[in-house]
2 protein chains.
Amino acid sequence: MKKLINSPDHVLADALVGVELAHPELKVDHTNRIIYRGEPTKPGKVALISGGGSGHEPLHGGFVGFGMLDAACAGEVFTSPTPDQMQEATKVADSGAGVLHIVKNYTGDVMNFEMAAEMAEAETGVRVESVVTNDDVAVEDSTWTAGRRGVGVTVLLEKIVGAAAEEGRDLAAVASLARTVNAQGRSMGMALTSCTVPSAGKPTFELPDDMMEMGVGIHGEPGRHRVPLAPAADIAQQLVEPILHDLDFSGAPTIVMLNGMGGTPLIELYLMYGEVAKILQKSGIQVARSLVGNYITSLDMAGCSVTVLRADDELLRLWDAPVNTAGLRWGV
Amino acid sequence: MKKLINSPDHVLADALVGVELAHPELKVDHTNRIIYRGEPTKPGKVALISGGGSGHEPLHGGFVGFGMLDAACAGEVFTSPTPDQMQEATKVADSGAGVLHIVKNYTGDVMNFEMAAEMAEAETGVRVESVVTNDDVAVEDSTWTAGRRGVGVTVLLEKIVGAAAEEGRDLAAVASLARTVNAQGRSMGMALTSCTVPSAGKPTFELPDDMMEMGVGIHGEPGRHRVPLAPAADIAQQLVEPILHDLDFSGAPTIVMLNGMGGTPLIELYLMYGEVAKILQKSGIQVARSLVGNYITSLDMAGCSVTVLRADDELLRLWDAPVNTAGLRWGV
């Protein structure tokens, strides 16, 4: 295993030191492994909290800041944060207007966020709503998931709903918008190589030199099938087809993300975006906005995922609204 | 070789299609492989042009836009663009106020940009100044370089000098500032793994599982020495020491970039930044600004580089000025 780490046991703790030193605009609670905004949530603003296992950076800590999250809880690599962490983040971020938990659909995350919400409500009376993202069309159940896995739409949701929260919408409205965004987004990913979890010290799965995994999960969970390596245009087709088969994207503007898994260079991601965009054009899908880069990663996995979100003028307006985070920044 | 490409011969051409589709604010000249701003350079503004072999994305095409470059010429992977491309970019970007060529110190790039400047001056009378970056402290001469290689400082230079050009400084002032920034910046990189050039189909160099290359170049050129894998803190020491040995950074604010080589996930880059920042603190160096991420990459190489720039209030002001590019964006 070749990694820029001190020890497999200290990856998260050491990385949080770097985050704190690199981002004076953020605060880091090293005990509870929470990244939160330097300024308290302004009164009346619903707080947005997310979190999950580490190894998917910039998700979630890189999306803390104006226009997106108020706080993010970091678990160990590919391991859910604990309810205690989430409860603490909920308390820290709440301004009195309530808190939205944004939870990717993995059993540990869902259970722990539920417990945290109950504990926080019982202890301090904070109002909590939750949205569970489950946009991955690849498989119905997975290694750590009942139902579909939550993947790329989480990024788009945090951006869009973050903008709505900044505008002062109340908790019910923010939660409702979050569920709408999740319902209208679909993703599919693929891997050329496995990732390697530091504590495991070896690749999560073995993939022959001439094969790729279609529909892979962001923790290296198995996808739909292993198929021979193919040209980018064919890969794009294999990613886009299941997405378009699963939801009707016609007659509406869409937001499209071509996301890298962490180990794939940007030149390949742009190349893949070109192939995806051409297929969408041919299918009559209108791409109104796009995002190309590493946003929800799987450590050092080589591969990519496609997310398509059915939008409308209002979602596009919220997408375009100012955002100021380490991972996404515009308009400020 | 596992890559998201259609064919080793079409990587650049296909990636430029993706860039054009993802960035309606940019224009792409597919014949000359130039990425340039959608709006012509405003009268009186000096134009900034850079370029070089592809495979270092977001450098340079990702830095075209307000506050940075006016145009970027893309060569094939790790291959200099031709004088024709650079001449065409020079003509397209010039508003009459002259053009600054920002050239990384590699023999092909230097020679071709020189020819392009002469051709452009002879044909259209455009005034061209050039700055050659040579900030890599690792080795004196290298595979394709007489003198030091140009690496990370190129990113910081394009940002700072880009801001100065937007303010309307004349060509001599912009070129002088560029030379100052280059003279005040130093970098050093390392690799855990080789990169693989698509047309070669195999790793550029072989590196045993328990070794790393200290001082590697961004094309996989040999560094100072191969040493056993070490904890991140030791690697940081091995990167920072030669930089501090080479230039006096005391008594001034600095801008520090922790750059990923393309195949290293963000969690490791933040971890490395923490180690680098702690060493700089202990050495009495004041870090005023920082940048962590993939900015000047080497295809899928795993590894990182450190760049330290000696700044002052004026350079910090220009650093903080608005920038609006795919690869760097703030204040707009």
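## Exercises on a predicted two-chain model

A search of the whole structure finds two aromatic pairs over all chains. The model is predicted: local features need pLDDT of at least 70, side-chain atom pairs count only at pLDDT 80 or more, and totals for chains, interfaces and linings use all residues. Residues are numbered from 1 along each chain as its sequence is written, chains are lettered from A in the order in which they are written, and side-chain values use heavy atoms, without hydrogens and water.

**Exercise 1.** Classify the ring pair of B:Trp319 and B:Trp330.

*Solution.*
- Rings of Phe, Tyr and Trp (its six-membered ring) pair if their centres lie within 6.5 Å; planes under 30 degrees apart are stacked, over 60 edge-to-face, the rest tilted.
- Here the centres are 5.3 Å apart and the planes stand at 55°, so the pair is tilted.
- B:Trp319 lies in helix H8 (residues 313-320) of chain B and B:Trp330 in strand S14 (residues 329-330), 11 residues apart. Helices (H or I, at least four residues) and strands (E, at least two) are DSSP runs, numbered from the N terminus.
- Both B:Trp319 and B:Trp330 are buried (under 20% relative accessible area; 1.4 Å probe, protein chains only).

**Exercise 2.** Find how many disulfides the structure holds, and check A:Cys304.

*Solution.*
- A disulfide needs two cysteine sulfur atoms within 2.5 Å.
- Over all chains, the count is zero.
- A:Cys304 is in none; its nearest cysteine sulfur, that of A:Cys195, is 15 Å away.
- A:Cys304 is buried, at a relative accessible area of 0%.

How values were computed
Buried means under 20% relative accessible area, exposed over 50%, partly exposed in between (1.4 Å probe, protein chains only).
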